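Let's take a walk through this model together, one stop at a time. Keep the structure open beside you as you read.

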Amino acid sequence: MRIIDKASGPFSRIGERGYFAADIVRALPEWRTYGGETIRQMRNIGVDSIPLTIIVAAFIGAVTAFQTRYQLFGGVQLSVVGLISRQSIILELGPLLTALVLTGRVGARITAELGTMRVTEQIDALETLAYDPIAYLVVPRIIAAILMLPILTVFADSVGVGTAFLTSILATDILPSDFMAGLQLAFAPFQIVYSLIKGTVFGAAIAFFCSYEGYNADAGAEGVGRSTATAVVITSVAILILDALTAALLAPYLQG
Amino acid sequence: MKKTRDDILVGLVIVTGLVLAVVGSLWLARGGLSKGYPLYARFAWGAGLKTGAPVWVSGATVGYVSDVNFEPDGTLLTELRITGSQPIPKQSPATVVPNGIFGDVAVNFTPLRAGAKYVTGDTVVSGAPTAGIAQLTAKADSITTSVTALTSAMNKELIANGGLADLRSSLAGTNKLIAQLSAIAATQSTQLSATMASLRRATSAVDSAKIDSTLSNLRAASGNMTSLTRSLDSTGHALNQIVAKVDSGNGSAAKLVNDPALYNDVHALLGRMDSLVADIKKNPKRYINVKVF
């Protein structure tokens, strides 16, 4: 019996998250419940994360430019640095690292908030007051993350490419014209869309997994802490898996 | 009030993000915000052109390829976006040239000294394509194919057919021959050394005093020979005089030689003496009568 329980454990957990997703979809029509809260969450998740996003993106851009420049062997055009910096930052590093960093900042916060509300029975109180706790607590966070992660990704891409440019022309032997030539080479607008799609998917993943873990936190402070740690780990792994999936699905459309 | 501030902040961030995305895309795709002007060119399929490829005038970037369309007649209808107000002389041919070693290409105008300039919407003159990375790669491929065939043939000859073993065997035989020659040379060298040593010993064994005395004896013998020759010469001269005298018929000997009567007399005398001797032998008692008492 225990073996059956253990074997069915992963499926059970997936099923529970499926029910949770269904509850979220069911709560979407109640926009009056979550409308105002959504703006507040957009502020918390998006606006307040801009400094961290910019710092991370700035260093990503600088390191990418440095690494690319000093990996080039003789005879390769220096404009390649602009091309590789743009492709690396916009297609991969910008959305991915922004999501991973925000998993720690935003995701942990969501789990801790909802977990605390669960263990202090605030969620039960909402239900008692005939509020749908999913609509009031989870849906705004998910909508806010879905809307703000792409915006943060745009900031990250812009800052990353900008610092790559500055690093290249100030700290290496690359001329601005070389970098700009590579930056504009074989660009397709879908590359920006691809980056935004990744940001959206990652934002949904952060909000969904972290909300689930917080919403179902065990009793006590330890339970909240455990849920927070679990949420960060699961979300990070999920982001990496989703990154691979989006690349596999969308990369063929990236050719400029 | 707090809520209003949140609304403004969130709205501001979203608008900023969207503007950044749109303007960034346009900037990256169009090479900046300046619109420039379009020119059109036709190149053959397979030219390797991509959107965003640079457009040069004698190597200086003046724009980018903004659109590439396949045409059914085997050409690529290419839109070249010339940024800024960079003028390009009319009739300047546009050529697809390699850009770097990774197969990227650019469109390069070779400017001509002409008064007129290309204007918006002109179709430019297409120049002959230059050998690009693709051609070089194809050439490298053919070289690689040849090298592969050569390697295969060498492999077949040297390994499959035992050529390498034969070569090794030949080398071993050559080594053996060289060793034998070296041994012979060493032996010859030893013998030569011994011969030289013997010669040196023989040379050192010769007594120079004996050689000097021999030489002085030879010198004396030579002097004696000279005086002998001189004596013979005078003797010959004397003989010549005698023979001349005999030939002239003067003197007893000459008369004896030259006078036939004397010869006849002598001959008759000898005849009689011969008869006398014969008679003495026949009758000794007639001439010899020995009485003791």
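Which residues does A:N44 touch, not counting residues up to four places away in sequence? The model you are looking at is a predicted one, and in it A:N44 touches A:S49, A:R105 and A:R109. A:N44 is found in helix α2 of chain A. Its relative accessibility is 10%, and because buried means under 20%, A:N44 counts as buried.

The side chains of A:R43 and B:D6 form a salt bridge, at 2.8 Å from N to O. Between chain A and chain B the count is one salt bridge. On chain A, helices α2 (31-45), α4 (79-119), α6 (133-171) and α7 (176-184) each supply at least two residues of the side that touches chain B. That side of chain A divides into 19 nonpolar, six polar and three charged residues. A:R43 and B:D6 also belong to a network of salt bridges that includes A:D48.

How big is this contact? The size of an interface is often given as the accessible area lost when the parts come together. Here chain A and chain B bury about 2500 Å² between them, with 75% of it on carbon and sulfur atoms. The contact takes 28 residues from chain A and 28 residues from chain B.

Now for salt bridges elsewhere. Over all chains, a search of the whole structure finds 16 of them. One joins the side chains of A:E213 and A:R17, at 2.5 Å from N to O. This pair links distant parts of the chain, 196 residues apart: A:E213 sits in helix α8 (residues 190-215) of chain A and A:R17 in helix α1 (residues 2-27) of chain A. A:E213 is buried at 10% relative accessible area, and A:R17 is buried at 13%.

Helix α8 of chain A also holds A:K198, while A:D243 lies in helix α9 (residues 220-250), so their pairing ties together parts 45 residues apart in sequence.

Over in chain B, the side chains of B:D122 and B:K90 form a salt bridge at 3.2 Å, N to O. B:D122 lies in the loop between β6 (105-109) and α2 (133-160) of chain B, and B:K90 in the loop between β4 (75-82) and β5 (94-98), so the pair ties together parts 32 residues apart in sequence. B:D122 counts as buried at 15% relative accessibility, whereas B:K90 is partly exposed at 28%.

Technical notes
Residues are numbered from 1 along each chain as its sequence is written. Chains are lettered from A and ligands numbered from 1 in the order in which they are written. This is a predicted model: local features need pLDDT of at least 70, side-chain atom pairs count only at pLDDT 80 or more; totals for chains, interfaces and linings use all residues. Side-chain values use heavy atoms; hydrogens and water are left out. Contact means heavy atoms within 4.5 Å. Buried area is the accessible area (1.4 Å probe) that two parts lose on being put together, summed over both. A salt bridge is a side-chain nitrogen of Lys or Arg within 4 Å of a carboxyl oxygen of Asp or Glu. Helices (H or I, at least four residues) and strands (E, at least two) are DSSP runs, numbered from the N terminus. Ala, Val, Leu, Ile, Met, Phe, Trp, Tyr, Cys and Pro count as nonpolar, Asp, Glu, Lys and Arg as charged, and the others, Gly among them, as polar. Buried means under 20% relative accessible area, exposed over 50%, partly exposed in between (1.4 Å probe, protein chains only).
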